[in-house]
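User: Hi, I'm new to this one. Could you walk me through it?

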Amino acid sequence: MFGLSVYATQGLHGIVYGMLLFLVSSGLTLVFGMMGILNIAHAAFYMLGAYLAYSTVVATGNFWLSLLVAPVLVGLLGALVERGLLRRIHRFGHAYELLLTFGLFFMLAEAVRWIWGNYTLQVPTPALLAGSIPLLGSQYPVYRLFILAFSGATCLIMAAVLLHTRVGIIIRSAVSDGEMLAALGINTPLVALGVFSVGAALAAVAGVIAAPFLQADPGMGAAILTDSFVVIVIGGFGSLLGALLASLMIGELQSFGILWFPAFALVFQFLLMAAVLVLRPQGLFGEKG
Amino acid sequence: MRRSTIIAASMVLLYLVPFALDTLRLRVAIEILYFGLFAVSFNLLFGYAGMLSFGYAATFGVGGYAIGLIWKHLGAVPIPLALLMAALAGAAIGALIGFFCVRLRGTYFSLLTLAFSQFLFAVALKWRAVTRGDDGLTVSPPDLALPGGFMLRMGNALHFYWLELTVVLVCLWLAWRFTRTPLGNAALLMRENDERAAFLGYNVFGTKLVVFTFASTLAAVAGALFASFQRLITPAAVDLGTGTEVVFMALLGGAGALLGPFLGTTVYILLQNWLSRVTEHWPFVIGLLFVIVILFMHTGLIGLFGRSGRLLQLLRARRIAAKESL
């Protein structure tokens, strides 16, 4: 019923969205693996990234500058949240930490509406990457290919840091056994602060990258929130490889779901999430039961 | 003896409250009643049994749709019977969802409840033949003839308030009774440490499932009252926004006491009514208040009052223990 090029384009589109989703989910899953907190405010950090990109472009006309501004500001905000708020209530259990990030998400989302208005803002595609090129039998926007390349590169850098540096080893150990790590003399609260803050900065980077593609929209936080939940459940809490595969799965599922079953595209991913939680709560690559 | 006099007097007072209110305020009072019941039932799950549901709107919506469909397809079923049927529908869906969810703990539980509620939201939105999708299902409650020839007219806010108050009081009494049973005590144990509870021989799965089902039943009644008063039920009743609101209302009032969430609901709705006239960004203030309560007042607003229930004392004890262990 559709030509081959439609499938190819749709498939590519799924990968692009999937990689964007991975940028957001990677920070979320790392923080969960380390601290046991499902940081709902993470989606607000992503949204802040997109809006900061808009403001940077409006103020300076330079899109690339926002790739520096947004992660730095949001990373600082993340550090503040971890140090100033989350750590204070750590001893009351994860449920209260979860509720706190929930309240923060609510506040930040409304703050964005307050500052930037309750409507979609257009962030222009940088001139360097505007336009389309012929690809797989149709015209494909260059910017989406850039998203693909950029997220792919980020993913590789992250893998290199985690697998081959001392910091990476410490972070991986913190995910698998924080108490043991602390006993070995590592300052685990500092590691947690760093990971939380870098995770927030990554979410902001994803927001910046997403801005010319999805525009800055007050509803974008809630939209990515549920998607990234599904991703980290399917991939397994704390697993980056799982998050990568699950992000691509969800990207494709949405892409083709909209093509074939527009009415039920949304239902699929939640059914998938429910199935994973019921049959294999640790997810595809998670370790904890 | 004196205590029961106070309770009886305050009940009579509650029935007379509407005479002191204008129509607009009466509508607010009606809203507080059904959302209050909703929040109290949420807290049976979270405050008592330690299960934080993110998809709690699911059974609220089921109750609303159930009662709408009952009147649409079965004709003028008297409202008490219709409410009972809606409650049963909520119990059935609650037992079904609970069967899958209560095996999981912590965040996993929260996310699975979210998945189920999103699924129900999609059903409400897309199964147009039954739910009428986005347009919503019209709910038309029939008037109720009371013995003695008095007609309770559902179109009359005052009459609706009396009916609703009666239903809510019965439900609150049931909830209170429930927390006094051995099963209710076992629920507390689940929250404190379900592993140890299992070692002690408690049926963790069974206990949690019963609490989940009971809470869902009360939520369905609240949803049915909501739909009857609004005369409309839309997918919005099942969405994440409703699920969020109930968490705010319950926690604002305090998870440590049965009526804490009721207080929270009252404050939430009054505050929202007032704030939304002052600023369109009222959710920010509510969010801020919520964060402050989570940070500094574990026992919620009800913790400000002197007399405290067993649960509250337990929370305080834990808090002191946590401070000492620092």
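Predicted model: local features only at pLDDT ≥ 70, side-chain atom pairs only at ≥ 80, totals over all residues.

User: OK, what is Ile67(B) in contact with, leaving aside its neighbours within four places in sequence?

Analyst: Ile67(B) is in contact with Ala82(B), Leu83(B), Ala86(B), Val139(B), Ala224(B), Ala227(B) and Ser228(B).

User: Is Ile67(B) buried or exposed?

Analyst: Ile67(B) is buried, with 30 other C-beta atoms within 10 Å. The cut-offs: buried takes 20 or more other C-beta atoms within 10 Å of a residue's own, exposed takes 12 or fewer, and partly exposed is in between.

User: Switching to chain A, how many residues does α8(A) have?

Analyst: Helix α8 of chain A, residues 188-214, has 27 residues. From first C-alpha to last it reaches 37 Å, close to the 39 Å expected at 1.5 Å a residue; the expected span is 1.5 Å times one less than the number of residues. Of its 27 residues, 21 are buried, so α8(A) is largely enclosed by the rest of the structure.

User: What comes just after α8(A)?

Analyst: Gln215(A), which takes a positive phi of about 70 degrees although it is not a glycine. Gln215(A) sits in the loop between α8 and α9 of chain A and counts as partly exposed, with 14 C-beta neighbours inside 10 Å.

User: Which residue of chain B has a positive phi of about 60 degrees?

Analyst: Arg231(B), although it is not a glycine. Its place is the loop between α9 (204-230) and β4 (232-233) of chain B. Arg231(B) has 15 C-beta neighbours inside 10 Å and counts as partly exposed.

User: Now packing: how do α2(A) and α9(A) cross?

Analyst: Helix α2 (residues 42-60) and helix α9 (residues 220-235) of chain A have axes that come within 8 Å and cross at roughly 135 degrees. Axes are lines fitted to C-alpha atoms, for helices over the stretch in contact, and angles run from 0 to 180 degrees between N-to-C directions. That makes α2(A) oblique to α9(A); angles under 35 degrees count as roughly parallel, over 145 as roughly antiparallel, 65 to 115 as roughly perpendicular and the rest as oblique.

User: Which residues in α2(A) meet α9(A)?

Analyst: Ala43(A), Ala44(A), Tyr46(A), Met47(A) and Ala50(A) in α2(A). In α9(A), they meet Met220(A), Gly221(A), Ala222(A), Ile224(A), Leu225(A) and Ser228(A).

User: Last one: how many residues does each chain bring to the contact of chains A and B?

Analyst: The contact takes 28 residues from chain B and 34 residues from chain A. On the side of chain B that touches chain A, the largest share, 13 residues, comes from α5(B).

How values were computed: Residues numbered from 1 in each chain as written. Chains lettered and ligands numbered in written order. Helix = DSSP H or I, 4+ residues; strand = E, 2+ residues; numbered from the N terminus. Contact = placed C-beta atoms within 7 Å.
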